[in-house]
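Dear colleague,

Please read the notes alongside the coordinates.

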Amino acid sequence: MSSSPVPSPHIPVLAERGGTQLKTPLPVLLVDTREQDPFDFRPYAKWFGGIKRTKLELGDYSVEGMEHCCVVERKSLSDLVKSFTEQDRHVLRQRLRLMAEYPDSLLVVDAPMSQVKSRYEFSGANPNQITQSVFAVMVGLRIQTFFAETHELGSEMVAWYLYNAHLY
């Protein structure tokens, strides 16, 4: 079975309560200025009232006005492995603990789980240790985690997440 994601909708979702469509202002998506390989949200521009680059206290993405309750942290596979194995791993752990205090927090790994669980060309780290660390974040800190098969799919999933966090 091969995967072929369908194109994204022009608008994500129409909110309804009691059969009445809600009119809500479009959220402004925030991208941290320190994000080195940011997701491309241009395909989802109609979902948002704007996309701004700004310095965020925590995480790589958020919604304007929700910076202290909604956060998305993105990790490439190499950054995830490095963050869980090197001496400065306490930095990631502290960031994740802070994220766990937010009502809406998401960790996005810019790789499929099959790659997280496979040997790494760039590191001698044990894939089982990395996988266990990710599950400790998911269960122990109760941080939702998404594994994106492609950078493009990661962009769309983060756009969905932030749009819905704003909506609900």
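How many nonpolar, polar and charged residues does the lining of the largest pocket have by class? This is a predicted model, in which local features need pLDDT of at least 70 and side-chain atom pairs count only at pLDDT 80 or more, while totals for chains, interfaces and linings use all residues. Residues are numbered from 1 along each chain as its sequence is written, and side-chain values use heavy atoms, with hydrogens and water left out.

The lining of the largest pocket has two nonpolar, four polar and 13 charged residues, where Ala, Val, Leu, Ile, Met, Phe, Trp, Tyr, Cys and Pro count as nonpolar, Asp, Glu, Lys and Arg as charged, and the others, Gly among them, as polar. A pocket here is an open set of points on a 1 Å grid over the protein atoms alone, where a 1.4 Å probe fits, with protein on both sides within 12 Å along at least five of seven lines, and lining residues have an atom within 4 Å of a point. The volume of the largest pocket is about 460 Å³, and of its 19 lining residues, Q36, E73, R74, K75 and D79 are the closest to the centre.

R74 also lies over the face of F39, at 5.5 Å from the ring centre (the cut-offs being CZ of Arg within 6 Å of the centre and within 35 degrees of the ring normal). F39 in turn forms an edge-to-face pair with F41, at 6.3 Å centre to centre and 85° between the planes (centres within 6.5 Å, planes over 60 degrees apart).

Best regards

Conventions:
Phe/Tyr/Trp six-rings, centres within 6.5 Å; stacked < 30°, edge-to-face > 60°. Points joined across faces, edges and corners; volume = space filled by probe spheres on them.
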